[in-house]
Amino acid sequence: MDNKDAEKLFFIPFNTGGHWLLLAINPIREIVYYLDSLGNDWTTYPDMKVLIDTVLQAFRAQRDIQTSRRGANSITWIKVAFPQQRNQIDCGYFMLRFMRDTLALGRLMIPTDYFEEFKCAFYTKDQVDEIKEEWCQFMIELNVLFINLCN
């Protein structure tokens, strides 16, 4: 709750039980950006929506924000249009790529038609391979760091 009034964007990788998607949440504005590389709507996963709405309502209560009864459900969910996967196995890499692209731009809001800098209908094989390589390199460096911490 440190800096609880500072505007931030929190990333939540979410696994639906066989598919990864990304939620980017701005808790101050009570906006949830929904990024799904299969193009599903958030209503496909009602338990996820209830969970995230409950978390944001608890955050609101921690900040002592009073809302009217009508305002209590004022959380805005935005489906972001972005590159779609062409198979059933790359969703985790797409989720990582979305997160990386957003962090690279350092923005607190995501346009509904995605960032102009990264807009395309599909990621190429090279773009997916790029994030795979970055993830592998990160894990290798993390393992080296972990080994050094244990010695």
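A nonpolar core is a set of buried Ala, Val, Leu, Ile, Met, Phe, Trp, Tyr and Cys residues joined through side-chain atoms within 4.5 Å, where buried means under 20% relative accessible area with a 1.4 Å probe and protein chains only. The model you have open is predicted, so that local features need pLDDT of at least 70 and side-chain atom pairs count only at pLDDT 80 or more, while totals for chains, interfaces and linings use all residues. Residues are numbered from 1 along each chain as its sequence is written, and side-chain values use heavy atoms, leaving out hydrogens and water.

Begin with the sheet, selecting β1 (10-15) and β4 (76-79), which are the edge strands of an open four-stranded sheet ordered β1-β2-β3-β4 with mixed pairing. Strands here are DSSP runs of E with at least two residues, and helices are runs of H or I with at least four, numbered from the N terminus; two strands pair if DSSP finds at least two bridges between them. Between β1 and β2 there are six bridges in the antiparallel sense, and P13 has L22 of β2 as its bridge partner.

Next, select the largest nonpolar core, which has 19 residues, and look for L22, A24, Y33, L35, V80, F98 and I110, the ones that touch the most other members. Two or more residues come from each of β2 (20-26), β3 (31-35), α2 (91-105) and α3 (125-150), with α2 giving the most, five residues.

Stay on L22: leaving aside neighbours within four places in sequence, its contacts (heavy atoms within 4.5 Å) include F11, Y33, M95 and F98.

Terms used
Buried < 20%, exposed > 50% of the residue type's maximum accessible area, 1.4 Å probe, protein only.
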